[in-house]
Structure formats: C-alpha cells, structure tokens
Amino acid sequence: MLGLFARSMFEATRIFPLSGTDRGPGRLPDDTPTRPDRPTSRRQRFQQLHRGEDLFVMPNAWDAGTARILERLGFPALATTSAGLAFAMGVRDSSGCLSRRVVLENARAIMQATGLPVSADLEDGFGPSPEDCARTIREAEAIGLCGGAIEDATGDRAAPIHAVDLAVARIRAVVAARRDPAFLITARAENYICGRPDLQDTIRRLQAFEAAGADVVYAPGLPDIETIRRVCASVTVPVNVVVGLTPAPYTLNDLARAGVRRVSTGGSLARAALGEVMRAAAELTGPGTFSYADRALPDAEASALMRHVPRAAR
C-alpha cells in the first residue's frame with residue numbers, strides 16, 4: 001500500500017515541479033526529526049504559496065504517516081481529508097459521521113508529524129448555523145492550523161445545499177471569527193458533487209463567498225477544463241481544484257494554464273491506497289500468490305520515512 005502511494009506521489013512531482021521547494025522530484029531529505037514550528041511561520045509560508053504566480057499541489061493526508069510521506073516527497077503544504085479519515089475509521093464519508101473533536105485531533109496529529117503548513121477539511125462547519133461554523137474556525141485556528149475549508153452542503157438529500165443567503169452568512173461568520181488574518185478561509189460550493197450541476201449558481205456562490213471575505217474558493221466536481229477556466233475567470237481570489245475524484249483528460253499544466261492556483265487530492269489518495277490493499281488481499285484469496293510484495297515499499301524505506309521515538313513504556 002505504501003509502495004503504491006509513494007510511487008503515485010512521485011509521479012505527481014515528476015509531472016509538475018513543486019513550487020516553494022528546491023528538492024528534486026522524489027528526493028528524500030535526511031531523516032531529521034520534524035521540529036515544531038510556530039503557527040505564524042507556517043501561516044506566512046502558506047500565504048506566500050497563494051500569492052505566488054505558480055500552481056502548487058497540496059495533497060490530502062489522512063494520518064501522521066501519510067503526512068510524513070508527502071512531506072518527504074517535497075510537497076509544500078498539506079490538507080486533511082474527511083473521506084480518508086472516515087475510511088481509516090471504518091465509517092462512511094457522509095455528513096455527520098465525524099465530530100469536530102475527531103477531525104481536529106486528526107489535524108493536530110498531522111501537524112505534529114510534519115513541519116508543513118496544514119489546512120483542514122472542516123466539512124460543513126459541524127453545524128448549520130453561522131455560529132457553528134465560527135466555533136469550528138476558532139478551534140481550528142487555536143490548534144495551529146493554517147487554514148480551513150467550509151462547504152455549503154447540508155447533508156440532507158432532499159435539500160443538499162444551503163440557501164445562498166445562509167451559505168454566505170456562514171462564510172462571513174468564519175471570516176469574522178478568525179483572529180489571525182493569515183489563517184486562510186476556503187469556501188466550497190458543492191453543487192456539482194450534490195447532483196446540482198448548475199454553473200451559473202456555482203459561480204454566483206463563489207463570487208458571494210469572495211465578497212464575504214473568503215481567501216480561496218473551491219467547487220469540487222467541475223466536469224472539464226473549460227468549466228474550470230470559467231470559474232477561475234469569475235473570481236479574483238485563488239481557486240482550488242480537487243483531482244482524482246474521477247479520471248480526467250487534463251494535467252496539472254492544463255490546470256495552471258486555466259488559472260488554477262492550488263490543487264488538492266481530496267480522498268483520492270486514500271482510495272488509491274485502499275485499492276492496493278484490496279488487490280493484494282484478492283491475490284491471497286484467489287491464486288494464493290504474493291506478487292503484491294514486489295510493489296510494496298521495503299520495510300527499511302518505510303521505516304526511514306517515519307519519526308523515530310524512544311521505546312514506549314510497557
């Protein structure tokens with residue numbers, strides 16, 4: 001599983017140079033333990049990535065181990081993933097399956113494992129009201145995160161998207177709730193992944209989120225590069241695009257030319273890892289062979305990617 005994960009990430013670094021780093025693609029630095037960094041320092045670095053001219057890739061880690069792998073491969077920032085966390089806990093990625101406390105504890109573990117800026121997937125803000133969202137942002141900022149994303153989905157299949165006025169009020173509340181303006185607010189318009197492929201309404205929402213103070217906007221599930229280009233042209237703040245939800249004919253270079261500033265991977269890396277587990281297990285239950293070991297990361301290499309800690313007390 002780690003072997004496939006590391007190789008897929010190497011391919012991403014090979015295809016598109018990572019901004020904000022002078023490491024060559026796939027090169028691992030020495031095994032110096034990660035040193036805690038002040039939140040202000042990480043936030044400043046995160047801001048600079050968004051202010052630069054180049055697209056950067058911010059993959060989504062779901063635990064401390066994957067965070068360390070991604071850091072070692074040279075990515076300049078990380079995000080968390082509620083989908084990856086849910087899968088690791090054996091629950092479905094659906095609204096309400098994860099609590100605010102669980103999500104923030106996971107984000108804290110990822111921050112402590114690396115020295116990179118980390119932005120959190122904060123789902124729907126853990127409540128419908130603007131104050132629910134504001135509380136989430138205050139707690140996320142307090143643990144040292146560099147940013148967080150709030151979506152306008154409700155979790156209700158009958159009415160999957162908040163009314164635009166409430167959605168905007170929620171973003172306005174989280175912008176007002178943060179103490180450090182360097183804590184970046186990402187506002188998500190969920191139309192396309194909630195069965196409402198309405199580009200006009202999506203753009204209207206993203207523009208309203210920008211006017212409410214969002215630092216980054218994001219509409220997961222946009223169907224093609226032309227739609228992505230239109231979204232980028234409709235706002236002045238950086239646009240995030242998630243890749244890996246489905247196979248796509250475009251590349252990171254195409255996204256950069258379309259005006260995208262930030263690329264995330266959502267739960268796709270977690271699903272790639274789960275796919276490798278299932279293929280390896282099927283080999284055991286089917287032909288009874290073990291060729292999956294050829295694709296696995298060697299134990300010594302996997303250990304070198306992780307943090308050394310003293311022997312635990314027994």
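The legends below describe close-up views of a predicted model. Local features require pLDDT of at least 70 and side-chain atom pairs count only at pLDDT 80 or more, whereas totals for chains, interfaces and linings use all residues. Residues are numbered from 1 along each chain as its sequence is written, and side-chain values use heavy atoms, with hydrogens and water left out.

Figure 1. The side chains of R188 and E151 form a salt bridge with an N to O distance of 3.9 Å; the term denotes a side-chain nitrogen of Lys or Arg within 4 Å of a carboxyl oxygen of Asp or Glu. Because R188 belongs to strand β6 (residues 184–188) and E151 to strand β5 (residues 147–151), the pair ties together parts that are 37 residues apart in sequence. Strands (E, at least two residues) and helices (H or I, at least four) are DSSP runs, numbered from the N terminus. Both R188 and E151 are buried; buried means under 20% relative accessible area, exposed over 50%, and partly exposed in between (1.4 Å probe, protein chains only). The structure holds 15 salt bridges.

Figure 2. R279 and E276 are joined by a salt bridge, at 3.4 Å from N to O. The two residues lie 3 residues apart in helix α11 (residues 268–285), so about one helical turn separates them. R279 is partly exposed, at 48% relative accessibility, while E276 is buried, at 4%. With 7% relative accessibility, D201 is buried; R196, with 32%, is partly exposed.

Figure 3. D152 is located in the loop between β5 and α7. Its relative accessible area is 0%, so D152 is buried. Apart from neighbours within four places in sequence, its contacts (heavy atoms within 4.5 Å) are P160, I161, H162, A167, R188, A189, E190, R205 and F209.

**Figure 4. Packing of helices α6 and α7.** Helix α6 (residues 130–142) packs with helix α7 (residues 164–177) at an angle of about 35°, and their axes are 8 Å apart. Axes are lines fitted to C-alpha atoms, for helices over the stretch in contact, and angles run from 0 to 180 degrees between N-to-C directions. On the α6 side, P130, C133, A134, I137, R138 and E141 meet L166, A169, R170, A173, V174 and A177 of α7. The contact residues comprise 9 nonpolar, no polar and 3 charged. Here Ala, Val, Leu, Ile, Met, Phe, Trp, Tyr, Cys and Pro count as nonpolar, Asp, Glu, Lys and Arg as charged, and the others, Gly among them, as polar.

Figure 5. I171 is found in helix α7 and, at 2% relative accessibility, is buried. Not counting residues up to four places away in sequence, I171 touches I150, A187, F209, A212 and A214. The C-alpha atoms of I171 and R188 are separated by 9.6 Å, and the two residues are 17 residues apart along the chain.

**Figure 6. Cysteines C146 and C232.** C146 is buried, with 0% relative accessibility, and C232 is buried, with 10%. The structure has 0 disulfides, a disulfide being a pair of cysteine sulfur atoms within 2.5 Å.
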